[in-house]
Amino acid sequence: MTMRCYKVRRLVTSEGAARSPELEQHLGRCGACAAYARDWERLRTSFQKAAAEPAPEPSFGFAARLIRLLPGAAAEARAREVSVERTGRRFVLAGLLAAVLLVLGLLVPPSGPVRSPEAAEIQTSRVEATAAQNYPLFSNQAIEGEYEFAPVGGGH
Amino acid sequence: MATLEKDDPEVEWIRRTQQGDGDAYALLVSRYERRVFSLVYRIMRRHEEVEEIAQEIFIKAFLAVGNYHFEAAFGTWLMRIAINHCYDQLRRRRSSRVTYFSEMSADGEQAVVLSAESREGGRIQVELEGRDLAGKLLERASPEDRMILTLKEIEDLSVDEISRLLKLKASTVKVRLHRARKRMLADFRRWQEGK
């Protein structure tokens, strides 16, 4: 059974995979997979070189200097915690206030000059009258005076 | 406390550190400083940043040591903090991506200076590319790929060790590793074609 290229490439890059004769055979036949294996080998060598590069050493007295910084860092962290707690508390209070206002708004009865049904009717008729003044085309008078309408359903 | 020996003084140092004893923490720092420096350098690849980042990691660990419950080895717990901190730094760095002269190794700087002065600059550049190839490709990779490839290919950790450090299943680590390698290889081939 012949191996597929995707499987070969997966095996080439997977760690510790011993190259089977079948894999070697495929690499011998398939130029693209052979190039893939070569590139991976080059990359792996480069990783090994990077791993061999020495890391910088801690400078003299690193631990002692660090320990001197700890009280300040702890105080700073505590202050940050307090500030976050305060901000959080403010958000909670603001949310509660908004919720109370919303509930109050919903519970207040629909009364008063603007909210009653009569007042609403008066308001509507006022608006219509103003609209008719400003736009005579839409008033009944203008329509009756300027246009002649053909009788419904009848011809001449 | 499966991972720590009962007679290991480290247990005592950790307990004292949890009570705020700085001197005990100094002993822990001395034990792990080289390991943290090495990990930070391998991931960040900038000499001048290593000490500062290592310092931030040890401070973070000190502030969080109350949450250490001896479930994993202290070293693993500390390395997890280091990895997370480096990951945050990488993401921050990626958002302001510039190649600095100072990012190069001493050899790199010297080669650039020489290439400007010498007619053989091209040859030196090729040598530099060979040496810094992994570094360059890692610099271009996403923080996720960079992290997992560094742990596997440069730190030479096993899949199980990586899964413990990143708190991932071993199968997830394998899949991510395979995808990261594939992407890096594709990037390497694009880079070669563009040369």
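**Entry 1**

What covers the buried residues of α1(A)? I looked it up in a predicted model, where local features need pLDDT of at least 70, side-chain atom pairs count only at pLDDT 80 or more, and totals for chains, interfaces and linings use all residues. Residues are numbered from 1 along each chain as its sequence is written, while chains are lettered from A and ligands numbered from 1 in the order in which they are written.

The cover includes α2 (21-29) and α3 (31-52) of chain A. I counted six helices and zero strands in chain A (DSSP runs numbered from the N terminus: helices are H or I, at least four residues; strands are E, at least two). Of its 156 residues, 8% count as buried (20 or more other C-beta atoms within 10 Å of its own; exposed is 12 or fewer, partly exposed is in between, with C-beta atoms placed from the backbone).

In α1 (residues 5-13) of chain A I found A:V8, A:R9 and A:V12 buried. They sit on the same side of α1(A), because they cover an arc of only 95° around the axis (taken from the directions from the helix axis to the C-beta atoms). The face turned away from that side carries A:Y6 and A:K7, both exposed.

**Entry 2: B:A134**

I then checked B:A134, in helix α6 (residues 121-140) of chain B. B:A134 has 25 other C-beta atoms within 10 Å and is therefore buried. Leaving out residues up to four places away in sequence, B:A134 touches A:S46, A:F47, A:K49 and A:A50 (contact means C-beta atoms, placed from the backbone, within 7 Å).

**Entry 3: the contact between the chains**

Chain B gives 33 residues to the contact and chain A gives 26. On the chain B side, α2(B) has the largest share, 11 residues. I sorted that side of chain B into 16 nonpolar, seven polar and 10 charged residues (nonpolar: Ala, Val, Leu, Ile, Met, Phe, Trp, Tyr, Cys and Pro; charged: Asp, Glu, Lys and Arg; polar: the others, Gly among them).

**Entry 4: α4(A) against α3(B)**

At what angle do the axes of α4(A) and α3(B) cross? They cross at roughly 60° and come within 10 Å (lines fitted to C-alpha atoms over the stretch in contact, angles from 0 to 180 degrees between N-to-C directions). The helices are therefore oblique (under 35 degrees is roughly parallel, over 145 roughly antiparallel, 65 to 115 roughly perpendicular, the rest oblique). I noted that residues of α4(A), including A:L66 and A:A77, meet residues of α3(B), including B:Q55 and B:F58. This contact has 10 nonpolar, one polar and no charged residues.

Note on methods:
Two residues are in contact if their C-beta atoms, placed from the backbone, lie within 7 Å.
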